[in-house]
Amino acid sequence: MERKQHIAIFTTASLPWMTGTAVNPLFRAAYLTTSGERKVTLVIPWLSLKDQELVYPNNITFSTPSDHEIYVRHWLEERTGFISDFNIRFYPGKFSRDKRSILAVGDITELIPDEEADIAILEEPEHLTWYHHGKRWKMKFRLVIGVVHTNYLEYVKREKNGRMQAFLLKYINSWLVNIYCHKVIRLSAATQDLPRSIICNVHGVNPKFIEIGKQKTLELESRKEQVFKKGAYYIGKMVWSKGYKELLQLLKEHQKELAGLEVDLYGNGEDSAQVHEAAKKLDLVVRVHPGRDHADPIFHDYKLFLNPSTTDVVCTTTAEALAMGKLTIRRALTDEPAPMTDAQIYELSWEAATERFLRASGLEEAHSKRLSKIPSKGFMSVSLSTKRRVEDASAFVHHLASGFEVSRRAFGAIPGSLQPDEQQCKELGLPFLGGKRGS
């Protein structure tokens, strides 16, 4: 009997944070297991209570990883309609306020036993390797695939000295991805060009959105009543970098032409209060609401979805709106959206996205070829290849630099994040290494 592929999917966020790196890897794990040919483990961050309160919306917190897992599985099963046969493991993470991101703590490769270390999918490979100090990914796994979700360079450009920071980050990202990944999939050309990368959108939309769209199509065909009773809306994390500044500025400049237009904005985030204040200064009716799940019935009757974000890579919410049958460009609100064909609907599905992922990643080919891990003696592997020697040397330099608190903090790591603290170890059942840290 042929051995199943063991796939470990590492990602940088988890529900109930409704961000792309929490939602999309979860669906990827579910749909990769449907054929029964693969054993999948989803590896997600565990946050201690103080960080949960900063990150998770609506005062949702978890006292144990098992409680968190129950929440994640329930959310997924409500949307897919089937029970998924994959494992969930948690790595210790900390929330970085300045980066507005969760960063891994310790060597997260250790969560996968060596006998199961076959294929690793790094969702946001640059993010997962910035401060990685531990076993080299290519030595642990025989195939490492990065999936690039985020346009980090565009975000960094908005900060103080942003151009210089973006210049440095561009080379750091390329350097690290070259060291740790065999292949990289960029979700769109809006992401940074990286070594050994191809462009392919390997994401689908939540099946609930397709169901909503089909129902709206039936209503349009029956014409018994007005199908879309509301006007325009936008949903996204409420931070200025997600396009709120550009949207409010456009509305301000064109208030006369847009007289009568009403816009609803939905989101949670650090800039919520400022967005609310800016919206109140407009003559147009612009209402600001807390964030909700995009599949919530409150969104079903909107006709027009606005997406002003210039940092989005694949515009997931736009795809969701299309699946629900909405207009996603500015037209007269009296127009009715044209129903999508079955082929168009299928292209938006996670079934189609999984097929694209298997082709783009070469997983099916890898299954037949049975690639081997990089051999190693200690940390540096012995190789006659000049290219391999350069890569080994680069890996050694990164391993050395990431092992000292001073150098880690100089490059923006969270203080004390080289190893999990005693509280995190207790919550996750990990051995506490005490003072075994870089100095």
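Student: In which helix does Leu363 lie?

Tutor: Leu363 belongs to helix 14, which covers residues 363–369. Keep in mind as we go that this is a predicted model.

Student: Why is Leu363 called buried rather than exposed?

Tutor: The label buried calls for a relative accessible area under 20%. Leu363 comes out at 0%, so it is buried.

Student: What is Leu363 in contact with, beyond its neighbours within four places in sequence?

Tutor: Contact requires heavy atoms within 4.5 Å. By that test, Leu363 is in contact with Gln5, Ile7, Ile119, Leu143, Ile145, Phe357 and Leu358. For another view of its place, take Leu322: it is 41 residues from Leu363 along the chain, and their C-alpha atoms are separated by 30 Å.

Student: Where is Ile9, and what makes it buried or exposed?

Tutor: Ile9 sits in strand 1. Its relative accessibility is 0%, and the limit for buried is under 20%, so Ile9 counts as buried. Not counting residues up to four places away in sequence, it touches Pro25, Arg28, Ala29, Leu32, Val40, Thr41, Leu42, Val43, Ile121 and Glu123. Take Pro25 from that list: 16 residues separate it from Ile9 in sequence, while their C-alpha atoms are 7.2 Å apart in space.

Student: Let's turn to helix 3. How do you know that its span is close to the expected one?

Tutor: Helix 3 runs over residues 65–80, which is 16 residues. From its first C-alpha to its last it reaches 22 Å, and 22 Å is expected at 1.5 Å a residue.

Student: Which residues of helix 3 are buried, and what puts them on the same side?

Tutor: The buried ones are Pro65, His68, Val72, Arg73, Trp75, Leu76, Arg79 and Thr80. Around the axis they cover an arc of only 160 degrees, so they fall on the same side of helix 3. What they pack against is helix 1 (20–32), strand 2 (38–46), strand 3 (87–96), helix 8 (207–222) and helix 17 (422–428). Just after the helix comes Gly81, with a positive phi of about 80 degrees.

Student: What makes the backbone at Asn58 and Asn59 worth a look?

Tutor: Most residues other than glycine have a negative phi. Asn58, though, has a positive phi near 55 degrees, and Asn59 has a positive one of about 60 degrees. Asn58 is in the loop between helix 2 (49–55) and helix 3, and Asn59 is placed in the loop between helix 2 and helix 3 too.

Student: Why are Asn58 and Asn59 called exposed?

Tutor: Exposed means over 50% relative accessible area. Asn58 has 58%, so it is exposed; Asn59 has 77%, so it counts as exposed as well.

Student: What is the peptide bond from Leu15 to Pro16, cis or trans?

Tutor: It is cis, with omega near 10 degrees. Most peptide bonds are trans. Pro16 is found in the loop between strand 1 (5–10) and helix 1.

Student: How many disulfides does the structure hold, and why?

Tutor: There are 0. A disulfide needs two cysteine sulfur atoms within 2.5 Å. For Cys181, the closest cysteine sulfur is that of Cys200, and it lies 16 Å away, so a bond is ruled out by distance. Cys181 is buried at 1% relative accessible area, and Cys200, at 18%, counts as buried too, since the limit is under 20%.

Student: How many cavities of 30 Å³ or more are there, and what lines the largest cavity?

Tutor: A search of the whole structure finds 3. The largest cavity holds about 110 Å³ of space. It is lined by 13 residues, and the closest to its centre are Ala104, Gly106, Leu128, Tyr131 and His132. Strand 4 (101–104) and helix 4 (125–129) each give at least two residues to that lining.

Definitions and conventions
Residues numbered from 1 in each chain as written. Predicted model: local features only at pLDDT ≥ 70, side-chain atom pairs only at ≥ 80, totals over all residues. Heavy atoms only, no water. Buried < 20%, exposed > 50% of the residue type's maximum accessible area, 1.4 Å probe, protein only. Helix = DSSP H or I, 4+ residues; strand = E, 2+ residues; numbered from the N terminus. Expected span 1.5 Å × (residues − 1). Arc of directions from axis to C-beta. 1 Å grid on protein atoms, 1.4 Å probe; cavity = no way out; pocket = protein on both sides within 12 Å on 5 of 7 lines; lining within 4 Å. Points joined across faces, edges and corners; volume = space filled by probe spheres on them.
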